[in-house]
Amino acid sequence: MESIYKIFDQAPVVIGFVRGEEYVLEFANEALLKVWKVDATVFGKSLFTVFPELERQGFRHLLDNVRRTGTPFSASEYPIQFERRDAVDTYYFDFIYQPFYEAGEITGVIAVGYDVTEKVVAKQSAQRGEKRWKELANSMPVIVWTADAQGLIDFCNELWYRTTGLTPEETHGFGWTSALHPDDLDRCVDAWHHALARHTTYAMEARYRTKEGDYKWILTRGVPVIENGNLISWYGTGTDITDQKDTEQRLDALVTGRTLKLEKTLEELQYSNANLEQFAYAASHDLREPLRKSQFYLDRLKEGMRSQLNEIQLQLFERLENAQRRMQNLIEDLLDYSQAAKGTSQKEQVDLNTVLQTVLEDLELEIETRSATIDIHALPIVLASKRQMHQLFQNLIGNSLKYSKKTVAPSISLMSTLATGGEFQGYCAASDYEKVFHHIKVTDNGIGFDQKDADRIFMVFTRLHSSEQYRGSGIGLSIVRKVVESHDGYIWSESELGQGAVFHILLPSMAQDGVPRLKILPGI
């Protein structure tokens, strides 16, 4: 047996062996000890005594199932967290748990696996990079597009589709030319082929048909992307210059003496129709843009007239600015609530520790200003929308900071344990009693609230205090609840006036009844 162990020590895979109901560590090869960052002194101890965090991640359930049934368990790219003294390390493994038989009875479990952390991290990084780029492109106020080396369009941001009404299938390749005004088609296509042949910048002003049936002037620019002397792709933008072209046309008409009466009538009708359309559209997410512009012009007006304004007039400007800020915050909160209410169809493995780090960076100034302390225990990896998890924790921690006592520095703690829904029968549906959840507790030492308001605080626009006492729109906790519900979870709160508050969150674990919700490899 000793010679076999020596062979195992030189194997390029991780190998371990545990025995008995307490899963006593009998052997781990050098590769596994290196991952664990321990030495052979752990032999003879229970696996879960050495690494209690593994039990919280459901590994006792996995081992119990293999030892009880004799059925091997295997998984691909499975996330495992190890709690170090000053950090939490996450590894990913392809591994199998195999029952070990002696005299016809299962006395232990053998684990064999491959450390695939570098591959998984690289894949996740590439996916995040592409996703972040597309999110950025879709948030830009100009049309963004890309094409391959042959000049075939392969991506347009959402503004292009909202403007033209075309679908991706109708746009890609050379389909975008179908939106061009017939009088502009030939010169734009000729210019595009000229740029393709010479690898030079493409720049054209042309009219594009909108989904409403009229035309907009768009200045399109395309830049070739060259690597090692080879053309690999194109990157471009499109800017709406309709107002500028209209102004040029009006000036031309004035210079040549042409009457603008009919054009003005048509322009006013178009302007009226456009206002009606814009009003309907602004009722949702586009309210942000006009508000931003009005703030910009208000600032310019204030700065330009500052020397002429008296103290009362300056106060009026300040009231205008405060009103605009409140409106901006309300719009942002409403849009966040709307997105959270829609739920999410795209989920990924999200490390909540990483999410919390980003949230704390966003709230850094407020945390420092209030001398707050944030105590975070190891949090799990969940299958979720990363953006909505960020919303959830930013609103929860922000809520605790906002409703802190004026004379006591805020103290907030976050911790997570595994639990079944049956442990919280007063809050979970009966169909989820056997389901495994991550039970996340967020505790603070703030002003608290009366427990009779525990449900009401999650309702939209609910405020237990006046806006003069505590700023805010009353939407933050509503967003938190919508995010939790969209992830098939549960949330409730406990508090007493003056005694702080505890928020309980249940998020589904990726491992249910000992079977991870991941791709399962065939047994060997």
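Helix H17 spans residues 476-486 and is mostly covered, with 8 of its 11 residues buried. Here, buried means under 20% relative accessible area, exposed means over 50%, and partly exposed lies in between, for a 1.4 Å probe and protein chains only. Helices (H or I, at least four residues) and strands (E, at least two) are DSSP runs, numbered from the N terminus. The buried residues of H17 are Gly-476, Leu-477, Ser-478, Ile-479, Val-480, Val-483, Val-484 and Ser-486.

A word on the model itself. It is predicted, so local features need pLDDT of at least 70 and side-chain atom pairs count only at pLDDT 80 or more, while totals for chains, interfaces and linings use all residues. Residues are numbered from 1 along each chain as its sequence is written, and side-chain values use heavy atoms, leaving out hydrogens and water.

Follow the chain past H17 and you come to Asp-488, whose phi is positive, near 60 degrees. Asp-488 is not a glycine, and it sits in the loop between H17 and strand S16 (490-495). Its relative accessibility of 48% makes Asp-488 partly exposed. As background, most residues other than glycine have a negative phi. Ser-371 also has a positive phi, near 55 degrees, and belongs to the loop between H15 and strand S12 (373-376).

Ser-404 lies in the loop between helix H16 (386-402) and strand S14 (411-420). Is Ser-404 buried or exposed? Ser-404 counts as buried because its relative accessibility is 6%. Its side chain makes a polar contact of 3.2 Å with that of Arg-370. Such a contact is a pair of N or O atoms within 3.5 Å; within protein, one must be able to donate a hydrogen and the other to accept it, and residues adjacent in sequence count only if both atoms are side-chain atoms.

Glu-361, found in H14, is partly exposed at 49% relative accessibility.

**Salt bridges**

Side chains of opposite charge can pair when their charged atoms come close. A salt bridge is counted when a side-chain nitrogen of Lys or Arg is within 4 Å of a carboxyl oxygen of Asp or Glu, and the count comes to 16 salt bridges. The table shows some of them.

| Pair | N to O distance |
|---|---|
| Glu-26 and Arg-19 | 2.7 Å |
| Arg-162 and Glu-158 | 3.9 Å |
| Asp-184 and Arg-207 | 2.9 Å |

Arg-162 and Glu-158 both belong to helix H7 (residues 158-164), 4 residues apart, about one turn of the helix. An α-helix has 3.6 residues a turn, so residues three or four places apart point the same way. Arg-162 is partly exposed at 31% relative accessibility, and Glu-158 is partly exposed at 43%.

Asp-184 lies in helix H9 (residues 182-198) and Arg-207 in strand S8 (residues 202-209), so their pairing ties together parts that are 23 residues apart in sequence. Asp-184 is buried, at 3% relative accessible area, whereas Arg-207 is partly exposed, at 22%.

Within it, Glu-26 is partly exposed at 32% relative accessibility, and Arg-19 is partly exposed at 26%.
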